[in-house]
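This briefing covers one predicted protein model. It is arranged by topic, with the cut-offs given where each term comes up.

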Amino acid sequence: MSQVEAADQVEVMDPPLADSNSAVSQLRVPVRPPIHLPQEWFHTLEGPAFGQLKLGAFDNDLTVHGVADPIGTRVRVHGKITDSGGIPVKGALVEIWQSNASGAYRDSLDVSGFPLDPNFIGAGRCMTDAVGNYSFTTIRPGPYPAQFRDGGRAWRAAHIHFSVFGQSIGHRLVTQLYFEGDPLIAHDRMINAIPNKRGQDRLIAKLDIENSISESFGPPRMFPTVDGSGAVVPTPQRTDPGVRLARNPSLLAYRFDVTLRGERATPFE
Ligand SMILES: [Fe+2]
């Protein structure tokens, strides 16, 4: 078998490096030949090197950093990071960033005009545990219309940007996760740049109803009415004692497993 024939038999899972649907992809493609660095430089550094900022206890809960709960459906995105042989990757840094429930990013480059949520920053991080598991609590991001390089505009499906640093700073997967059952996935130009349905499916987090929480919590709340009747229940403030425990714990869980290399590798996006 020739090399060309062998290459033809390899399933392509990643979108083109320079994808006309993605302005970002145009910026990540090298335009100059590689520079060879001395062996002792940082690129041979073993283990994670994440700078000076330590992970905080609630860095993986994007819903508890405001004075009140952010607007939106609370979700837990969790899963396992494995290597090509199915071996869990422990101590990997997982980072996410996303829009709020209205589809807006807290980013000066976001000119959508959609409202920001004062209680939602939209970024979080954690490290995988000893068996490669990670977990984030956040809100389901809203879809938003995006402008593409070719001048076209199209709706993005709800998605969370997802990055994994492996065992060294040079091993990084940057991708996006989508939500099972979202009808916009069929129209999303980013995920459809992946030329293989099985590759696309690997970016779709699966509803995990068993780990979802559906609580009926607390007494019925009464709200002020226009004429002033009805009891006013003040909005709990994050600084109030016990407010973390007093929250309604309901959430929808989604499972998103990531494989870093090999035939079952999660595609870049
Ligand atoms: Fe996005």
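Helices (H or I, at least four residues) and strands (E, at least two) are DSSP runs, numbered from the N terminus. The model is predicted: local features need pLDDT of at least 70, side-chain atom pairs count only at pLDDT 80 or more, and totals for chains, interfaces and linings use all residues. Residues are numbered from 1 along each chain as its sequence is written, and side-chain values use heavy atoms, with hydrogens and water left out.

**Chain overview**

- The protein chain holds four helices and 11 strands.
- Of its 269 residues, 37% are buried, where buried means under 20% relative accessible area, exposed over 50%, and partly exposed in between (1.4 Å probe, protein chains only).
- Contact means heavy atoms within 4.5 Å; among contacts between residues at least 6 apart in sequence, 72% join residues at least 24 apart.
- The accessible surface of the protein chain is about 16200 Å², and 59% of it belongs to carbon and sulfur atoms. Accessible areas come from the Shrake-Rupley method with a 1.4 Å probe, and for residues only the protein chains shown count as cover.

**Iron site**

- Donors are N, O and S atoms within 2.8 Å of the metal (3.2 Å for Na, K and Ca); water is not among the atoms, so sites may look incomplete.
- The iron ion has as protein donors Tyr-105 (OH), Tyr-144 (OH), His-159 (NE2) and His-161 (NE2), at 2.0 to 2.2 Å from it.
- The spacing of these donor residues in sequence is Y-x38-Y-x14-H-x1-H. Tyr-105 sits in the loop between β2 (93-98) and β3 (123-127) and His-161 in strand β7 (residues 159-165), so the pair ties together parts that are 56 residues apart in sequence.
- Angles among the four donor atoms run from 90 to 163°, and the site is irregular. Four donors count as tetrahedral if all angles lie between 85 and 135 degrees; four count as square planar and six as octahedral if opposite donors are over 155 degrees apart and all others between 65 and 115; anything else is irregular.
- Ideal angles at a metal are 109.5 degrees for four tetrahedral donors, and 90 or 180 degrees for six octahedral ones.
- Tyr-105 counts as buried because its relative accessibility is 17%, and His-161 is buried at a relative accessible area of 14%.

**Annotated segment, residues 77-105**

- An unreviewed UniProt entry places the feature "domain: Intradiol ring-cleavage dioxygenases" at residues 77-105. UniProt positions are given in the numbering used here, feature names are shortened, and annotations may be inferred rather than shown by experiment.
- Over residues 77-105 the chain is 0% helix and 41% strand, with 19 Å between the end C-alpha atoms.

**His-78**

- His-78 belongs to strand β1 (residues 74-82) and is buried, its relative accessible area being 12%.
- A polar contact is a pair of N or O atoms within 3.5 Å; within protein, one must be able to donate a hydrogen and the other to accept it, and residues adjacent in sequence count only if both atoms are side-chain atoms. The side chain of His-78 makes one with the side chain of Asp-208, at 2.8 Å.
- Not counting residues up to four places away in sequence, His-78 touches Tyr-134, Ser-135, Asp-208, Asn-211, Ala-253, Tyr-254, Arg-255 and Phe-256.

**Asn-100**

- Asn-100 is in the loop between β2 and β3 and is buried, with a relative accessible area of 3%.
- The side chain of Asn-100 reaches the backbone nitrogen of Ser-102 at 2.8 Å.
- Beyond residues up to four places away in sequence, Asn-100 touches residues including Pro-115, Asp-117, Phe-120 and Pro-141.
- Ile-121 is 21 residues from Asn-100 along the chain, and their C-alpha atoms are separated by 8.0 Å.

**Ile-185 and Gln-200**

- Ile-185 lies in the loop between β8 (172-179) and α3 and counts as buried at 12% relative accessibility.
- Gln-200 is in helix α3 (residues 197-201) and is buried, with a relative accessible area of 8%.
- Leaving aside neighbours within four places in sequence, Ile-185 is in contact with residues including Ile-191 and Asn-192; with the neighbours within four places left out, Gln-200 is in contact with Ile-191, Asn-192 and Ile-194.

**Ala-18**

- Ala-18 lies in the loop between α1 (3-8) and α2 (23-28) and is partly exposed, with a relative accessible area of 43%.
- Ala-18 touches Ser-25, Gln-26 and Val-29, not counting residues up to four places away in sequence.
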